[in-house]
Amino acid sequence: MEMLSNLAVGFSVALTVQNILYCFTGVLLGTMVGVLPGIGPVTTVAMLLPISFTLPPESALILLAGIYYGAQYGGSTTAILVNIPGEASSVVTTIDGHQMARQGRAGPALGIAAIGSFFAGSVATLLICFAAPPLAAIALNFGPAEYFSLMVCGLIAAIVLARGSVIKAIGMVILGLLLGIAGTDVNSGIRRFTFGFQDMADGIEFVALSMAIYGIAECAYNLERKAEEADVTGTIGNVWPSLTDIRHCTPAVLRGTVLGSLLGVLPGGGALLAAFGAYTLEKKVAKPPRSFGDGDIRGVAAPESANNAGAQTSFIPMLTLGIPSNPTMAMMIGALMIHGISPGPRVMTERPELFWGLIASMWIGNLLLVVLNLPLVGMWVKLLRIPYRLLFPAIVGFCCIGAYTVNSNIFDVYVMAFFAIFGYLCLKLDCEPAPLILGFVLGPLMEENLRRALLLSRGDLMVLIEEPLSLIFLIAAAVLLLVVAAPAIRQKREEALQE
Amino acid sequence: MHIRAPKDFWSGIMFLAFAATAMIAAHGYSLGSAGKMGPGYFPMMLGGALALIGIILVARSLVLTGETVGRIHVAPLAIITVGVVLFGVMLEPLGLVAALIAVTLVAAYAGRESHPLEAAVLAAALAAFSVGVFVIALRLPLPIWPSIF
């Protein structure tokens, strides 16, 4: 009963003309950047953060969320038609999806990707409705020690599940934490790491940092690689899969949805891991398994369902615990904080219109996406003809405007220029920037919770392992680290992530 | 001494440089004690941890063989960064239109296959779009024209 009244509140927010419009804009932009290789949801969300500050918080969240899950739909279009993943999370879709396109079955591949995504998105949204309130209720009882350990655990999990070297990722997290606490210390009023700059008193601007890394540095990095020619495959034809196709795909969609929903909740998870996991699982369990790799429709259905389910459920830790599971979620937290809302378990009770409005908008957004995706596929294909040489100066220009408008401060533009160079070096050295962004957002929170925990225990660090829940989180973190350190498992992990 | 894994080696050096900066700066803030953490406590802790990571990476890179660092293409990055700085310098005195056209033209130059005419059209289109969307529709506080007008 309570659920219904909550959803009623949600729909009353999401169904206002203004918010439908923002949801529509979000999913439209999301599909667009999903289709375009070389620009992803993280970059887009970063570029739109400054605009979202002028909106009410619920509209801002609806817009930004739409971009994230919209990109999961768009990514599959490019993967199937051009054999280039429009989004990292649709890499595996290229394997069978493009084969189908070459066999003249591009239509059904696009169709099943959209239908699977819609089904998975709806189920995952429902899951958020049921899972989020109890989780938030548990989190409300967390003391500072539990919160600190939870953040440690979340960050470690994000590292373990991410790609690349674990030790470099730990370094990037710590560096992110350090950058995050720059600025005036709330307790002592002392300015830390400002290096004499008056403008650093409020710390490093999150928008400037994230646009530097995901916008500018990535542009410079992409320019080095040879541009891939967009070679669009023939005609698309009827997008409706046949009944046989649907019967064939139903188990794959269901498995993809379940696995994607679960993997999405994990820190470091989200859409990417979900898609990889689902494809691997499908190859193992689907019968008969022979045709994977030569255009098996299940090889499209499973990962596309999974990445959309994962994109939705990765909102759960952000909304209930205030902990981001990936850089896009970190940006949503950044957006909320600018509006003076500190994300965490209290958001759901104190700002129900925000929480339930977002959930309701996800239903609407998923519906809009099916409508957008299938009939407009021809338009998206035309978009692919935009060469990167026109795209990247626009990205750089929008980043400049964005960095300035957050605080109307030129200094932030220079901060962005500085971190662009830093971000480029990180990309060159294979130091993943995602852990840095997560650390940056959590830095001040971690320090504050550790300070409070140790204040209550009078400086006794044992408090972190005396509280049972806190101990569980720390043990989980330690186990995760040991697991990746073990050589046999490390090899498996690399296989699974590289595939 | 022979560097066997250059990527790891330079990552380690980068972390060590940041750790040293953090610890030297944190030295100037009061540390306090665990029960009453001062402003220097957490940064010092993080600095120490980061230094440790840096040392491990450097040490490992001398023993285990790993990837070499790909060629650093200085030109595109430098040109784009100059464009961004130029935007910062120009925006307040000269306005959004001039600053945006400048950054777009400079950035376009970073691409290998840029055509001057195409870049000029792109710059003009972006400027028109940005004035329309950001300043007129969204009312972001941006000066459009040079402030003398």
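# Two chains, A and B: worked exercises

Between H3(B) and H4(B), the meeting residues are Pro76(B), Ile79(B), Ile80(B), Val82(B), Gly83(B), Val84(B), Leu86(B), Phe87(B), Met90(B), Leu91(B) and Leu94(B) in H3(B), and Leu96(B), Ala98(B), Ala99(B), Ala102(B), Val103(B), Val106(B), Ala107(B), Tyr109(B) and Ala110(B) in H4(B). This is a predicted model, in which local features need pLDDT of at least 70 and side-chain atom pairs count only at pLDDT 80 or more, while totals for chains, interfaces and linings use all residues. Residues are numbered from 1 along each chain as its sequence is written, and chains are lettered from A and ligands numbered from 1 in the order in which they are written.

**Exercise 1.** Describe how H3(B) packs against H4(B).

Solution.
- The two helices pack at an angle of about 175°, with their axes 8 Å apart; axes are lines fitted to C-alpha atoms, for helices over the stretch in contact, and angles run from 0 to 180 degrees between N-to-C directions.
- H3(B) is therefore roughly antiparallel to H4(B), where angles under 35 degrees count as roughly parallel, over 145 as roughly antiparallel, 65 to 115 as roughly perpendicular and the rest as oblique.
- By class, the contact of H3(B) with H4(B) has 19 nonpolar, one polar and no charged residues. Ala, Val, Leu, Ile, Met, Phe, Trp, Tyr, Cys and Pro count as nonpolar, Asp, Glu, Lys and Arg as charged, and the others, Gly among them, as polar.

**Exercise 2.** State which secondary structure chain B has, and how spread out chain B is.

Solution.
- Chain B has five helices and two strands; helices (H or I, at least four residues) and strands (E, at least two) are DSSP runs, numbered from the N terminus.
- In sequence order the pattern is α-β-β-α-α-α-α.
- The radius of gyration of chain B is 23 Å, well over the 15 Å that the globule rule gives for 149 residues, so chain B is more spread out than a compact globule. This radius is taken over C-alpha atoms, and the rule is 2.2 Å times the number of residues to the power 0.38.
- The domain assignment, automatic or from a database, gives domain 1 (6-63) and domain 2 (74-137), and their C-alpha centres are 38 Å apart.
- Ala59(B), found in helix H2 of chain B, lies 25 residues from Val84(B) in sequence and 37 Å from Val84(B) in space, C-alpha to C-alpha.

**Exercise 3.** Is Ala59(B) buried, exposed or partly exposed?

Solution.
- A residue is buried if 20 or more other C-beta atoms, placed from the backbone, lie within 10 Å of its own, exposed if 12 or fewer, and partly exposed in between.
- Ala59(B) has 13 other C-beta atoms within 10 Å, so Ala59(B) is partly exposed.
- Buried residues make up 40% of the 149 residues in chain B; in chain A, 61% of the 499 residues count as buried.

**Exercise 4.** Describe the side of chain B that touches chain A.

Solution.
- In all, 57 residues of chain B are in contact with 54 residues of chain A, contact being C-beta atoms, placed from the backbone, within 7 Å.
- Elements giving two or more residues to this side include helix H1 (6-27), strand S2 (36-37) and helix H2 (41-63) of chain B.
- The largest share, 11 residues, comes from H3(B).
- By class, this side of chain B has 39 nonpolar, 14 polar and four charged residues.
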